[in-house]
Amino acid sequence: MTGFLMAMALFISLLIGLALLRVWAGPTIYDRLLGVGIVGTNAVLLLAIIGFIYGRPDGFLDLAITYAILNFVGVVAVAKFLDVRRASRGEDHQTATGAGEDG
Amino acid sequence: MTLELVVDGLTVLFLLTGCFFFLAGTVGLLRFPDVYCRLHALTKADSLGLGFVVAGVALQLRSWHEVLLLGILWFLVLSAAATICYLVASEALAQGVDPVGSGASQGQSGTEEAP
């Protein structure tokens, strides 16, 4: 069982790398935000599985819940920051590519 | 003995299903053409993938306290995924990111393709 869980943890680490590819390449800043979000979810999953491998799911689950809250607050904060910045610049910002390049 | 075998098999099945959904979400994040399609793939991975993995891990736990923690974790990530999906989509729409196929983004759909 432990070997299977370790294989799963490795697989999820690989998925984190793939999601980081989208963060690096994403044409708009929202794509980067989504990539960060899925990396956060994968980190939560990884923590739960690692806690199970080490036989101490209690403490590691607390850590995972903390990471879930941090991920949520972080993405919402960035989204609201973009909202405020757009409002302060006025509504004449219409191009899709401009959103990513000045972020 | 037999019950343990059945529980272990169910755990492996749930974990593999969850991993499949995470793989599908990541592939969708890499391959889908615009931010709205990617949101769809991402929230699938968040809700279904994490749900299956949490169910699989919860079968192996021995105390209800840890199962409750896992349930809280799943609920948190689920509500976070819904809120993030709404926020990012509304922000992108307000910023002027056109959905694929809306006509206005015909010239840009080629440049938004994944490398």
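In what order do the elements of chain A run from the N terminus on?

1. From the N terminus on, the order in chain A is α-α-α-α. The count is four helices and zero strands (DSSP runs, H or I of at least four residues for helices and E of at least two for strands, numbered from the N terminus).

2. This is a predicted model, in which local features need pLDDT of at least 70 and side-chain atom pairs count only at pLDDT 80 or more, while totals for chains, interfaces and linings use all residues. Residues are numbered from 1 along each chain as its sequence is written, and side-chain values use heavy atoms, with hydrogens and water left out.

3. Chain A has 103 residues, of which 48% are buried (under 20% relative accessible area; exposed is over 50%, partly exposed in between; 1.4 Å probe, protein chains only).

4. Glu66(B) belongs to helix 3 (residues 64-95) of chain B. Glu66(B) is buried but has no salt bridge (a side-chain nitrogen of Lys or Arg within 4 Å of a carboxyl oxygen of Asp or Glu). The nearest side chain of opposite charge is that of Arg62(B), 7.2 Å away; Lys and Arg count as positive, Asp and Glu as negative, and His and the chain ends are not counted.

5. With neighbours within four places in sequence left aside, Glu66(B) is in contact with Pro57(A), Asp58(A), Leu61(A) and Leu61(B) (heavy atoms within 4.5 Å).

6. Leu10(B) lies in helix 1 of chain B. Leu10(B) counts as partly exposed because its relative accessibility is 36%.

Note on methods. Chains are lettered from A and ligands numbered from 1 in the order in which they are written.
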